[in-house]
Amino acid sequence: MKIVVLSGAGISAESGLPTFRGAGGLWNGVRAETLATPEAFADDPQRVLDFYNFRRAMVRDAEPNAAHRAVAALEQRHQVTVVTQNVDNLHERAGSTDVLHVHGEIMTARSSRTPSLKLAMQDRDIRLGDLAEDGAQLRPDVVWFGETVRHIDDSLDRIRAADRFLVVGTSLQVWPVADWVHHAVNAGERVIVAPELARCPDGFDWLRGNACEHVPRVAERWLDA
Ligand code: APR
């Protein structure tokens with residue numbers, strides 16, 4: 001079977017990484033425009049670099065959880081694509097091999113002038129004065145508000161072709177990804193896992209609760225399918 005898993009910050013919550021909205025969210029009490037936009041970086045690059053260095057250190061210290069591992073285990077029998085809004089690398093560290101980071105990757109830096117000039121940042125901070133090969137300041141290789149979301153065509157192709165579609169840990173508040181849940185037209189089963197949802201998308205079974213509780217069970221059932 002072709003399986004697509006669409007994940008958001010909630011799948012990494014039980015690994016200790018904060019979500020953006022809801023309790024303890026990164027955007028609580030902070031205007032995202034002051035930290036996650038090209039304008040914020042131009043206005044105060046040190047503040048933005050500090051924010052991502054802080055988050056990158058948390059990712060380094062975090063471990064994949066049972067939900068990440070269950071998603072990876074599905075590859076034993078099925079063709080699995082993970083379409084993730086997350087910039088952490090926990091899906092890959094759990095063993096997933098086909099991960100589309102539609103909002104970029106925090107463990108990578110790139111030139112602030114030439115997006116294709118990238119640099120792995122596994123164990124380092126990005127400091128003011130760290131320059132790419134083109135002489136421009138390095139920045140996190142993440143998609144800020146107002147920038148182009150990545151892998152749109154690939155993500156939609158995989159979702160449209162999916163036999164099973166699992167959506168986990170996303171509030172579906174950010175476009176265009178929020179709209180992608182309506183494209184799984186061939187899926188025999190559509191499941192969404194979250195403790196709370198503003199509205200359950202049509203045609204989805206909502207498993208109300210945490211990723212580590214529900215995703216392993218769904219994966220176990222799909223492994224036997
Ligand atoms: N298990 C499953 N879901 C959880 C858990 C958990 N343990 N804890 C929280 N959640 C759910 C919340 O109920 C919420 O629905 O995860 C979701 C997290 O939503 P957001 O914080 O909005 O994160 P996300 O949907 O990934 O945000 C999308 O917004 O700011 C941008 O670029 C950022 O990629 C991010 C995008």
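A ligand nitrogen sits 3.4 Å from a polar backbone atom of Gly10. Another entry goes to Ala211, where a polar backbone atom is 2.9 Å from a nitrogen atom of the ligand. For His103, I noted 2.9 Å between a side-chain N or O atom and an oxygen atom of the ligand. How much of the ligand's 740 Å² does the protein bury? I got 92% (Shrake-Rupley areas, 1.4 Å probe).

A note on the source: this is a predicted model, with local features needing pLDDT of at least 70, side-chain atom pairs pLDDT 80 or more, and totals for chains, interfaces and linings using all residues. Residues are numbered from 1 along each chain as its sequence is written, and side-chain values use heavy atoms, without hydrogens and water.

Of its 21 residues, Phe20, Arg21, Trp27, Thr170 and Ser171 come nearest. Domain 1 (1-16 + 64-103 + 149-225) and domain 2 (18-61 + 106-142) both contribute to this shell, so the ligand lies between them; the bounds come from an automatic or database assignment.

Then I checked the backbone. Most residues other than glycine have a negative phi, and most peptide bonds are trans. I found a cis bond joining Trp175 and Pro176, with omega about 5°. His151, not a glycine, has a positive phi of about 55°.

Terms used
Near = heavy atom within 4 Å. Polar contact = N/O pair within 3.5 Å; in protein donor to acceptor, adjacent residues only side chain to side chain.
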